[in-house]
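Me: Could you walk me through reading some features of a protein model? I would like the general idea and then the case at hand.

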Amino acid sequence: MTHYDLAIIGSGSGNSVITGYWDDKKVALIDGGIFGGTCLNVGCIPTKMYVYPAQLAASAAEAKKLGVDLEFKGADWVGIRDRIFGRIDAISEGGRRYRDLELENVDLYSEYATFTGEKELTMASGAVITADNIVVASGSRAVLPQVRGIDLPGVHTSDTIMRLDELPERIVIVGGGYIASEFAAVFSGLGSSVTQVNRSGALMRHQDADISTAFTKAAAARWNVELNSHLTGIRTADRGLVVEFEGTDGKKLELVADVVLVAAGRVPNTDTLGVAGIGLDQREDGTLLVDEYQRLLRGGEPVPGMFAMGDVANLEQLKHVANRETRVVVHNLENPSDLRPMDRRAVAAAVFTNPQIATVGLSEAEARFAHPERELAVAIQEYGSTAYGWAMDDTEGFVKIVADKHTGEILGGHIMGHEASLLIQPLIQAMVNGTTVAQLARGPYWIHPALTEVVENALLSLGVDPQAGDPL
Ligand SMILES: Cc1cc2nc3c(=O)[nH]c(=O)nc-3n(C[C@H](O)[C@H](O)[C@H](O)COP(=O)(O)OP(=O)(O)OC[C@H]3O[C@@H](n4cnc5c(N)ncnc54)[C@H](O)[C@@H]3O)c2cc1C
Ligand SMILES: NC(=O)c1ccc[n+]([C@@H]2O[C@H](COP(=O)([O-])OP(=O)(O)OC[C@H]3O[C@@H](n4cnc5c(N)ncnc54)[C@H](O)[C@@H]3O)[C@@H](O)[C@H]2O)c1
């Protein structure tokens, strides 16, 4: 049995816990999957590397209404795929080699581990290690509905769909969330015939209701969308797969496809880690409970020397949240007498679908529920109401802001449309820094006639009460 100062489970965000502080100490880094974790290998980065070319491809159709005659002649799927993974696989392998071969104080275990004691881990090979400190960063994995035919060749999750040998002619995408909506935009942009099928009555249902409704309409104008239908089975056909669904009204739906992508949510990797055996506190969905310092809890009390971060411990399942939690874990591991808390104000996210969606803070419904005592100001401003929106002839994009009518505090911002992921940033900044609606609308210059004017105008149209000293 080898003893370590620190053991880390997961080489995604977990890899960044190994700072210079550990140079003279012994560290075990354990990962049974691909080195570097989800974001690098099968998540944020490769998906966005597909999103950009797909957006270029889709722009041919969008240019037409502006009088520009672009022709989309097809996508070189294999070329795009190899450019993406030629870059990513090399980074993953370089990171693995560095940890495995070049860092003397780090032992890399390329296998799965389970807890067999509070500070004891047993590897798949049978090796047992102990450690004074353990960081759990084991991430999450795709959920596969247990229906007939789910393991047929041609049925994929986001882990495998990006490595296809050819662009599918017809793809059925199961799910209405982030992953399903991003891949629907990628495949439809690149030229596949896409049908996205969701169990509930709208896409992106966790967003503000106005965004969810508008996105469902916008998506249906770009690819086929079927709602209120859940997956019941998959079978092989003469040419491809038949994907079977049942509607909430009992009606059957059968779709023929070359490839099926199942994007029905992700579960935390806690069941496979044996955490229940050591009595760690978990939420109902299996995520590990941590305190504000990212310390693991047992019976509500922090367990000394044990931390968790990332998808295994938060509800957001976002890389920038995992990164921030990592910084908190790094600080608190290295400075146990000066603990610093995680900041969960103004968590933001973007969905890189078409049109893009971005969000920060509370939806209107969440704000009304969370603050029944406050009078809210709500504004919706269309891209098409600004000069840049005229240039784009945009008829879909809009910004929605929710604020406190009397104090001018911004409670939430929601954007759908061109580069929503960029336009949201001033609202994130304002929420974190406590900048009011008036201070944000009139404090900085807003470049004319940039698309950011739609955010400025949304702020102005909220009609919040003026305060003494507001900028002019
Ligand atoms: C398709 C897709 C697109 C995404 N796009 C975005 C995006 O655009 N923006 C964004 O913010 N987020 C995005 N995400 C989410 C983001 O990837 C995750 O939030 C983030 O990667 C989580 O990091 P993590 O360190 O918690 O886990 P991971 O990076 O998943 O690392 C966990 C590691 O632990 C290993 N492991 C698990 N169990 C064990 C065990 N028992 N023993 C040993 N090793 C184990 C796994 O092999 C894995 O490598 C996306 C996710 C997906 C799937
Ligand atoms: N851009 C980003 O930041 C980004 C991108 C991708 C993923 N992610 C993260 O990954 C997480 C997981 O993404 P996801 O899209 O898998 O999950 P999700 O929870 O966002 O969506 C799952 C969807 O599948 C549907 N569904 C579930 N079972 C079904 C069934 N049997 N038949 C039909 N539909 C069914 C649900 O109604 C829901 O719409 C997200 O919550 C997100 O945090 C982030």
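Me: Is Arg-96 buried, partly exposed or exposed, and what is its relative accessibility?

Reply: Buried means under 20% relative accessible area, exposed over 50%, and partly exposed in between, with a 1.4 Å probe and protein chains only. Arg-96 has 24% relative accessibility, so Arg-96 counts as partly exposed. This is a predicted model, where local features need pLDDT of at least 70 and side-chain atom pairs count only at pLDDT 80 or more, while totals for chains, interfaces and linings use all residues. Residues are numbered from 1 along each chain as its sequence is written, chains are lettered from A and ligands numbered from 1 in the order in which they are written, and side-chain values use heavy atoms, leaving out hydrogens and water.

Me: Which residue forms a salt bridge with Arg-96?

Reply: Side chains of opposite charge can pair when their charged atoms come close. The criterion is a side-chain nitrogen of Lys or Arg within 4 Å of a carboxyl oxygen of Asp or Glu. Here the partner is Glu-93, with the closest N and O atoms 3.0 Å apart. Glu-93 is partly exposed too, at 34%.

Me: How are Arg-96 and Glu-93 placed in helix α3?

Reply: An α-helix has 3.6 residues a turn, so residues three or four places apart point the same way. Arg-96 and Glu-93 are three residues apart in α3, which means about one helical turn separates them. Helices (H or I, at least four residues) and strands (E, at least two) are DSSP runs, numbered from the N terminus.

Me: Which residues of α3 are buried?

Reply: Among them are Trp-77, Ile-80, Ile-84, Phe-85 and Ile-88. Their cover, counted by contact (heavy atoms within 4.5 Å), includes β2, α2 and α5.

Me: What about salt bridges that link distant parts of the chain?

Reply: Take Arg-141 and Asp-271, whose closest N and O atoms are 2.6 Å apart. Arg-141 sits in strand β7 and Asp-271 in the loop between β16 and β17, 130 residues apart. Arg-141 is partly exposed at 30%, whereas Asp-271 is exposed at 54%.

Me: Where do Asp-210 and Lys-400 lie?

Reply: These two form a salt bridge at 2.5 Å between the closest N and O atoms. Asp-210 is in helix α6 and Lys-400 in strand β22, so the pair ties together parts 190 residues apart in sequence. Lys-400 is buried, at 1% relative accessibility, while Asp-210 is partly exposed at 34%. Shared partners join Asp-208, Asp-210, Glu-364, Arg-368 and Lys-400 into one network.
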